[in-house]
Amino acid sequence: MTTTAGPSSPSVRNSELDANAPTGSVPPRSVGLPADALDTAVTAFMTASPVTRRWDVERDFDWAAADADRLTDGQRSAVRFISFIEDHLPGYFAVYGSRFPLDADVDVETFLLNREIYHFTVRWAAEEDSHARALFRYQVESGIATAESLRRELAVEGRKEFSLPHDHPAALFAYTLVQEKATQIYYQNLRAVVGDPVLADVLNRLSRDEARHFTFMADMVELYLRTYGDAVVEPMRDAIAQFRMPLADTLGGYWRWALRIADTARYDHTEAYEHLVRVARRAVDAPSERVDELERFVRAARAIPA
Ligand SMILES: [Fe+2]
Ligand SMILES: [Fe+2]
């Protein structure tokens with residue numbers, strides 16, 4: 001996996017930066033945004049989930065009532081699928097650690113910027129880990145799986161490496177923006193059809209968290225556009241061009257399974273692309289050929305059936 005981001009990336013060259021934007025490209029191994037702006041985005045994220053509004057796996061669900069007999073086969077299969085996706089958190093978290101290192105190999109300036117994003121990453125990771133735990137608990141309490149076999153199944157997939165092809169940090173955040181939005185929409189759609197109210201409660205909590213994660217990613221994408229100009233639209237477009245949902249390349253039977261979960265509840269990750277275009281439009285006030293091109297690209301991607 002690539003661990004550097006920045007000037008060597010073929011996606012962004014100084015000569016391509018907007019004339020009105022700062023001309024510096026993103027320094028290698030750095031999140032590359034001003035510390036104050038990162039602080040503001042992280043604070044907004046934390047403010048949206050005060051301790052009084054958080055939930056926990058142990059307290060907030062009626063586990064004794066969980067009953068997989070109220071689910072169709074397709075719904076059970078969807079729960080198993082999303083459990084694998086959520087449970088892969090160690091792999092996702094490691095990407096941030098390697099892209100934005102916090103050790104003696106980076107200079108003080110890079111460290112202090114990466115330290116800001118880390119405040120977000122650890123909270124986000126704690127939330128995603130609770131998603132994995134809630135789905136695990138649901139599977140066990142409802143009778144879909146036994147703890148022992150599920151733990152082992154998850155471990156078999158969990159140890160596989162997760163990697164992203166993008167060099168530029170703006171592409172990483174654009175990728176995650178799409179992923180969080182796609183997941184949020186799917187959980188909402190699945191929640192609307194599942195027969196077990198306990199599972200509906202779980203999906204409700206999860207989709208609300210994904211919505212907040214999306215908002216943070218949108219703030220980050222906006223910051224890159226405001227800091228570097230519309231030149232960063234290119235790596236974002238790359239993120240869409242190469243988009244694969246997590247585990248698409250490692251989870252056994254992924255594609256057949258993905259089609260099956262889409263039969264159970266509407267699932268279309270390209271729906272989330274539109275949200276990226278909207279964020280780009282909002283951040284770039286002036287007419288921009290690059291944003292127009294991103295929009296055309298997304299429209300074309302959506303028009304072509306998978
Ligand atoms: Fe999640
Ligand atoms: Fe999320």
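User: How many residues are in the largest nonpolar core?
Analyst: This is a predicted model. Its largest nonpolar core has 79 residues. Those with the most contacts inside the core are A174, V221, Y224, M236, L276 and A280.

User: Which helix gives the largest share of this core?
Analyst: Helix α7, residues 197–228. That helix supplies 15 residues.

User: What does Y224 touch?
Analyst: Leaving out residues up to four places away in sequence, Y224 touches L33, A170, F173 and V232.

User: On to packing. At what angle do the axes of α2 and α9 cross?
Analyst: Roughly 125°, and the axes come within 9 Å. Helix α2 covers residues 73–87 and helix α9 covers residues 254–264. Angles of 65 to 115 degrees count as roughly perpendicular and those over 145 as roughly antiparallel. The two helices are therefore oblique to each other.

User: Left-handed or right-handed crossing?
Analyst: Left-handed. On the α2 side, the contact is made by G74, Q75, S77, A78 and F81. On the α9 side, W257, R260, I261, D263 and T264 take part.

User: What classes are those residues?
Analyst: The α2 contact with α9 has four nonpolar, four polar and two charged residues.

User: Take A78 in α2. Buried or exposed?
Analyst: Buried, because A78 has 28 C-beta neighbours inside 10 Å. The cut-off for buried is 20 or more.

User: And what does A78 touch?
Analyst: L190, I261, T264 and A265, again not counting residues up to four places away in sequence.

User: Where is E295 relative to A78?
Analyst: Their C-alpha atoms are separated by 31 Å. Along the chain, A78 and E295 are 217 residues apart.

Key: Residues numbered from 1 in each chain as written. Chains lettered and ligands numbered in written order. Predicted model: local features only at pLDDT ≥ 70, side-chain atom pairs only at ≥ 80, totals over all residues. Axes fitted to C-alpha atoms, helices over the stretch in contact; angles between N-to-C directions. Helix = DSSP H or I, 4+ residues; strand = E, 2+ residues; numbered from the N terminus. Parallel < 35°, antiparallel > 145°, perpendicular 65-115°, else oblique. Left-handed = near helix turned anticlockwise from the far one by under 90°. Contact = placed C-beta atoms within 7 Å. Nonpolar A, V, L, I, M, F, W, Y, C, P; charged D, E, K, R; others polar. Core = buried A, V, L, I, M, F, W, Y, C linked by C-beta atoms within 7 Å. Buried ≥ 20, exposed ≤ 12 C-beta atoms within 10 Å, placed from the backbone.
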